[in-house]
Amino acid sequence: MTALLDELRKLLDSGGLITGEEAREREDGWSMGLSQSRIIVRPKTTEQVSQILRICYEKNQPVVTQGGKTGMVQGCVAGPNDLVLSLERMSAIEEVDKVGRTMTVQAGANMQVVQERALEQGLMYPVDLGARGSATIGGNVATNAGGNGVIRYGMTREQILGLEVVMADGRIISSMNSMMKNNTGYDLKQLFIGSEGTLGIVTRAVLRLRTRLSSESCALVAVDDFENLAVLLSLAEGELGGRLSAFEVMWNSYYEKASQRESHQVPLPVGYPFYALIETAGSEQQQDSEAFQCYLERCLEKGLIVDAVLAQSGAERDNLWAIRDNVESMFALWPLSIFDISLGIEQMQDYLDDIAAQFSLQWPDSFQQAIFGHLGDGNLHLVISVGSEDPAVRHQVEDIVYSTLHSRGGSISAEHGIGLEKRDFLHYSRNDEELALMRLLKQSLDPKGVLNPGKLLSAAE
Ligand SMILES: Cc1cc2nc3c(=O)[nH]c(=O)nc-3n(C[C@H](O)[C@H](O)[C@H](O)COP(=O)(O)OP(=O)(O)OC[C@H]3O[C@@H](n4cnc5c(N)ncnc54)[C@H](O)[C@@H]3O)c2cc1C
């Protein structure tokens, strides 16, 4: 360790290396105090990342990469012998190309800053999620983040044109393509998108930007039957002429907690079974809002929605979204487990009834839940509490959620990734051949297993 620190000190300025208690005490975000590393390096350039990795590779030193530390699956938790590589000093926005509609950034660039810079140029970066103020582009890439706009623009994978990556042994792979079309063999960037820091460290990216849409319509509607939600979604896709940009659903269990915000009135009364936040975006304000209102009226007439509030201003729209984004309110259920699953909409209610029955049977006095999600993408977030922090109990809860999902062909992770938290359940969503190919890739790109060991695949594998 001393030799490692000596080499790192030669390479980095004083702010580039944090050790001992100071490193230990740095909060580790949504990893909830699990990180134990005593060495944090904070490079400023790709060249420094490369040199750090060369040193670590030579010394078999495990490296855990951290961006904004908002990941939900313990992907950036560091053990006592791990070195943390933080991208926080690599946050530059290097270029915005208005004509080519691209932005080139360092991987530590903050997501919200990227969104705002794009808007200033009359463009937009369409990935958006509740942790925007802290999450980084590198973290978004490494987890292939989804969020609120997937229904229209796809996940992070769809927004990445080029990447620069530092490999485990320090080699720099520059694949900073900025063209929409480039079919020249294997699309190497795809290897690293969603690889959770296990195959390489993302240092720079070329992002695809879209035209900023000038008109937005947003409503919160109440629905009393799950089947009506599915009809509402399919009508929105059919009748809104491609304008649909978000279709988020909150069960009352989520809404009643998330809507209680200081000095804010609840936009719709609590107690309806479901709430859908529906948004459209277009470029003709009058036409777009007429089409949206027409759609809402038809849904009311058909009895698909039982109550609705239409945002009349940007501030009202932000208030509706703030309820959807108020994930922190779920801490009222502590101790809890948060799940991020996907499955076909037609199977959702049956699945939810099935797991609720199992939880109620096993923990009749303490079981509580809250459900919300990106219904338009078939993605649900489940917050489950059975009143115990015991790891064995937590494992039982996970097993109920995942094994019940497996028989319905769902995925144990729609968008958060696998990390440490879901690693032992990966076989529920990937078959033996897929797992073997993943291990082969890991072995080929990181033969010594120094990059984020034990995340996604177990270290022994
Ligand atoms: C309130 C809240 C809401 C959220 N909503 C959503 C949502 O709607 N959709 C969604 O998909 N996610 C959501 N998330 C999860 C999280 O915000 C995203 O996964 C985000 O993309 C992680 O970015 P980060 O910079 O914080 O990464 P970190 O948490 O720092 O790291 C996440 C993983 O990526 C790796 N990593 C980080 N940077 C790099 C890099 N430069 N190179 C290689 N590997 C790297 C880490 O090792 C780790 O495995 C939410 C989180 C919170 C707290």
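Two residues are in contact here if their C-beta atoms, placed from the backbone, lie within 7 Å. The model on screen is a predicted one. Among its contacts between residues at least 6 apart in sequence, 72% join residues at least 24 apart.

**The whole chain**

Start with everything shown as a C-alpha trace. Along its principal axes the trace spans about 70 × 60 × 45 Å. The radius of gyration is 23 Å, which agrees with the value near 23 Å that a compact globule of 461 residues would have. Switch to a cartoon, and the secondary structure comes to 14 helices and 18 strands. Buried residues account for 44% of the 461 residues.

**The domains**

Colour the chain by domain next. The domain assignment gives domain 1 (2–88), domain 2 (93–211), domain 3 (215–325) and domain 4 (331–443). Select domain 1 and domain 4 together: their centres, taken over C-alpha atoms, are separated by 30 Å. Where the two touch, six residues of domain 1 are in contact with nine residues of domain 4. The domain 1 side of this contact divides into three nonpolar residues, three polar and no charged.

**Around the ligand**

Now select the residues around the ligand. There are 37 of them, and those that come nearest are Gly 67, Gly 71, Gly 75, Gly 138 and Gly 139. The elements giving two or more residues to this shell are β3 (63–66), α5 (137–143) and β10 (201–208). Which element gives the most to the shell? That is α5, with five residues. By residue class, the shell holds 14 nonpolar, 19 polar and four charged residues.

The phi of Lys 69 is near 60°, a positive value in a residue other than glycine. Most residues other than glycine have a negative phi. Is Lys 69 buried or exposed? Lys 69 counts as buried, because it has 23 C-beta neighbours inside 10 Å and the cut-off for a buried residue is 20 or more.

Move along to Gln 74, which lies in the loop between β3 and β4 as well. Gln 74 is not a glycine, yet its phi is positive at about 60°. With 20 C-beta neighbours inside 10 Å, Gln 74 counts as buried.

Seven of its eight residues are buried, so β10 is largely enclosed by the rest of the structure.

β8 pairs with β10 over six bridges, in the antiparallel sense. Here the pair to show is Leu 163 and Ala 205, the latter in β10. With the side chains displayed, keep in mind that in a regular strand they alternate between the two faces of the sheet.

**Ala 311**

Go to the loop between β15 (307–310) and α11, where Ala 311 lies. Ala 311 is buried, because 20 other C-beta atoms lie within 10 Å. Leaving aside residues up to four places away in sequence, Ala 311 touches Cys 218, Ala 219, Glu 316, Arg 317 and Leu 320. Draw a distance from Ala 311 to Ala 219: the two are 92 residues apart in sequence but 5.7 Å apart in space, C-alpha to C-alpha.

**A cis peptide bond**

Follow the chain to the loop between α11 (314–324) and β16 (337–342), which contains Pro 335. The peptide bond from Trp 334 to Pro 335 is cis, with omega near 0°. Most peptide bonds are trans.

**Last stop: Gln 362**

Finish at helix α12 (residues 345–362), in which Gln 362 is found. How many other C-beta atoms lie within 10 Å of Gln 362? The count is 14, so Gln 362 is partly exposed. A distance drawn from Gln 362 to Val 386 reads 9.1 Å, C-alpha to C-alpha, for residues 24 apart in sequence.

Conventions. Residues are numbered from 1 along each chain as its sequence is written. This is a predicted model: local features need pLDDT of at least 70, side-chain atom pairs count only at pLDDT 80 or more; totals for chains, interfaces and linings use all residues. A residue is near a molecule or strand if its C-beta atom, placed from the backbone, lies within 6 Å of it. Helices (H or I, at least four residues) and strands (E, at least two) are DSSP runs, numbered from the N terminus. Ala, Val, Leu, Ile, Met, Phe, Trp, Tyr, Cys and Pro count as nonpolar, Asp, Glu, Lys and Arg as charged, and the others, Gly among them, as polar. A residue is buried if 20 or more other C-beta atoms lie within 10 Å of its own, exposed if 12 or fewer, and partly exposed in between; C-beta atoms are placed from the backbone. Domain bounds come from an automatic or database domain assignment. The radius of gyration is taken over C-alpha atoms; the globule rule is 2.2 Å times the number of residues to the power 0.38. Two strands pair if DSSP finds at least two bridges between them.
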